[in-house]
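Thank you all for coming; I will talk for a few minutes about one structure, and I would ask you to keep it in view while I go from single residues to the whole chain.

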Amino acid sequence: MIYTLDLKLVGLVIGLALLISHVLALVHGNTIQGMVKAFPRSKTMGMVLISITALWAFWLVSTMDLGEFSDYRTPLMILVPAAYALTVMFVDEFLSVRALGMLMLLLAEPILEAAFLQPQTSRLLLVILAYVWIVLGMFWVGMPYLMRDQIAWVLKSKGRWPALCASGAVYGAAVVVCALLFYGKAS
């Protein structure tokens, strides 16, 4: 295992993040919609997200047990910053979407690891969310224009934005309730 996170802690953090972000998106709809619409082509957000992703990947390569690939640790520790530099220099198109996809792939691992072999059926709320992030992350890295199209679809109808925001808030609230009632004590 790479991370030693408690299911209750992960559930509370993820649930509160979902709840707060979706309530804010619902309350400040026009402002957030403008930010969401501009996100796919935002160079600033792309740089921030790709930097976070590169630092996280470098930390993982430098600290985790690579098993039979341990001999490749040094080349991988060189490859991660090189890939970061090349990405920043040559990937202008939808960098923020690609970086968000990579970050979602990295975020799924601690969630899945915290839920691994836990007896509570409600842990599946986190597992389902992690797998949705994995699928979206893979598509957004490989075909980032899909996020632009998905945003356009959501914003095309007046009812879709509030419905999705309310759904996300309810899902976050359900995760928080399950974390408080059913998951073990936070470490």
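Let me begin with L117, which is exposed because its relative accessible area is 72%, where exposed means over 50%, buried means under 20% and partly exposed lies in between, with a 1.4 Å probe and protein chains only. Before I go on, please keep in mind that this is a predicted model, in which local features need pLDDT of at least 70 and side-chain atom pairs count only at pLDDT 80 or more, while totals for chains, interfaces and linings use all residues. Residues are numbered from 1 along each chain as its sequence is written, and side-chain values use heavy atoms, with hydrogens and water left out.

L117 sits in the loop between helix 5 and helix 6, and its phi is near 60°, a positive value in a residue other than glycine. As background, most residues other than glycine have a negative phi. F94 also has a positive phi, near 55°, and is found in the loop between helix 4 (73-90) and helix 5; F94, however, is buried, because its relative accessible area is 6%.

Going back to the loop between helix 5 and helix 6, we also find Q120 there. Is Q120 buried or exposed? Q120 is buried, since its relative accessible area is 14%, and, leaving aside residues up to four places away in sequence, Q120 touches L7, F182, Y183 and G184, a contact being heavy atoms within 4.5 Å. From Q120 to C178 the C-alpha to C-alpha distance is 9.2 Å, although the two are 58 residues apart in sequence.

The C-alpha trace spans about 55 × 45 × 20 Å along its principal axes, and 35% of the 187 residues count as buried. If we take contacts between residues at least 6 apart in sequence, 80% of them join residues at least 24 apart.

What lines the largest pocket? Its lining consists of 35 residues, and S21, H22, V36, L100 and W140 lie nearest its centre. A pocket here, on a 1 Å grid over the protein atoms alone, is an open set of points where a 1.4 Å probe fits, with protein on both sides within 12 Å along at least five of seven lines, and lining residues have an atom within 4 Å of a point. Helix 1 gives the largest share of that lining, 8 residues, and among the other helices that supply at least two residues each are helix 2 (29-38) and helix 8 (160-181).

Finally, the structure holds 1 aromatic pair. It is formed by F69 and Y72 and is tilted, at 6.4 Å centre to centre and 40° between the planes; rings of Phe, Tyr and Trp (its six-membered ring) pair if their centres lie within 6.5 Å, and planes under 30 degrees apart count as stacked, over 60 as edge-to-face and the rest as tilted. F69 counts as partly exposed because its relative accessibility is 47%, and Y72 counts as partly exposed at 49%.

How values were computed: Helix = DSSP H or I, 4+ residues; strand = E, 2+ residues; numbered from the N terminus.
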